[in-house]
Amino acid sequence: MTDTLSAVATTAVHRQESLLFATLLELTIIVLAGRVGGILARRVGQAAAVGEIVMGILLGPSLFGLLAPQSFAFVFRSASPEPLQILSSLGLVLLMFQIGLEFDFEHLAERLNRKAVLSVSLSCLVAPFALGLALGYAAAPVLSPQADRFNSALFVATAFSITALPILGRIMLEFDLTRTPLGVIAISAAAINDVIGWLLLALVTALAASQWDGTLFAARVGAVALFVCASTWLVRPLLKRAVRAMPPRHGRLPPNLLGLMLAVIFTAAMATYGVGIFAIFGAFMMGVLLFDETEFVHAWRERIGDFVNVFFLPIFFTYTGLLTSIGSLDSLASWGWCAATVLLATVGKLGAAYLAARFSGFNHAESSILGFMMNTRALMELVVINVGYQLGVISQPMFTILVIMAIFSTVLTTPALRHFLPRSRPATVSAAAAGEAA
């Protein structure tokens, strides 16, 4: 009996060590590839996030798996994907917290800014959703014949509506836009856009699984509003008191404060996961609560921020790359559908944001900046299409088309910002407000 137990324990330890070895091998390749991708992207005038996304695709079956299938299988198929999934999700939670920290939301005290946020976020939901629904309904019999046509169309429409809040935040950090009126308008509109998008995703997922319940959905919307109110009026004063009781000094976070913040971030993430709008929104909200604690923001950025960006984030891009196969688009017709998807998604999102910004009083350059920033999909687009792919409502070719669309929309952002930012007014909000008042 003792020998049997010993053998079982030895086998369990061996399995654990094997899983650890396989995961460490994956992480080593992913971290190094992410760094290389980020460096190369910057050298060609792109944001580092774009290089990380592309590198993740290249590590998947589209290139690595095609050129060296045995090596690809050894590296990425030797162990369960769950460790990478968990690490990537944890990384997104921490990234969203620090993105929330970086934005000066006091700019929203301006009436013009609030008007712009509402009009941009609403237009960037309605127009892309309508175009995505039409395209998805037309494409489903050809690209996703295994799925219910309407459910497939709803997923494509939701994918069209999403803005990549984490990647948009990272690009704004690189351009030093986080404390500017335009940056705050864009990130606020993107946050509203994505919360509604996540609710739509929950709705579409329930419909696809034949589990739609109108009362439950209404309760979920109410729970989101309750979470925001409780965070603003109850949690924020407590967190600010904790920061002042354990103040960061010389760019260093006290261990007790760091432990408390991690617990708060994870609890908020669990709360929003529980109401069905993804864990990352809870983390983002906790960051928003502390955006004006300058010393804490600086200390978090110095001590935690780089590790999150270098280690955690590339894992998600690589995991998505493992599901992406460019070779699945094996006909002229499928590439035609790809071109139509990219065109309609870009026109719907960018055009809607541009027109809404112009209506709100911004000039051509500023409206273009908002349009390109709202058109950035990348990360959240990948989250949505992963859900659709796992549910079977979109096929491998449609999955690949939407990944290409996500990459294209993100690649556009950096050169567009480089072109239009010098042409925008230094005091955008005050100038626009003065013009409106006149």
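Hi everyone, let me start with helix 15, where A365, E366, S367, S368, I369, L370, G371, F372, M373 and M374 are buried, buried meaning under 20% relative accessible area with a 1.4 Å probe and protein chains only. Helices here are DSSP runs of H or I with at least four residues, strands are E runs of at least two, and both are numbered from the N terminus.

A quick word on the model: it is predicted, so local features need pLDDT of at least 70 and side-chain atom pairs count only at pLDDT 80 or more, while totals for chains, interfaces and linings use all residues. Residues are numbered from 1 along each chain as its sequence is written, and side-chain values use heavy atoms, with hydrogens and water left out.

Now the overall picture. The protein chain has 18 helices and 0 strands, and 53% of its 438 residues count as buried.

Back to helix 15, which spans residues 364-374 and has 10 of its 11 residues buried. At its start, a side-chain oxygen of N363 comes within 3.2 Å of the backbone nitrogen of A365; that is a polar contact, a pair of N or O atoms within 3.5 Å, one able to donate a hydrogen and the other to accept it, where residues adjacent in sequence count only if both atoms are side-chain atoms.

So which way does helix 15 run relative to helix 17? The two are roughly antiparallel, a label for angles over 145 degrees. Their axes come within 9 Å and cross at roughly 165°, with axes fitted to C-alpha atoms over the stretch in contact and angles running from 0 to 180 degrees between N-to-C directions. On the helix 15 side, the contact is made by H364, A365, S368, I369, F372 and M373; helix 17 brings L412, T413, A416, L417 and F420. Contact means heavy atoms within 4.5 Å.

Also in helix 17, residues 396-420, is T410. T410 is buried, at a relative accessible area of 1%, and a polar atom of its side chain lies 2.8 Å from the backbone oxygen of A406.

Finally, the cores, meaning sets of buried Ala, Val, Leu, Ile, Met, Phe, Trp, Tyr and Cys residues joined through side-chain atoms within 4.5 Å. The largest nonpolar core has 110 residues, and M286, F296, W300 and M373 have the most contacts inside it. Apart from it lies another core of 10 residues, including L27, F72, V75 and L84. Leaving aside neighbours within four places in sequence, M286 is in contact with F97, F227, S231, V235, L239, V264, I265 and A268.

Terms used:
Buried < 20%, exposed > 50% of the residue type's maximum accessible area, 1.4 Å probe, protein only. Parallel < 35°, antiparallel > 145°, perpendicular 65-115°, else oblique.
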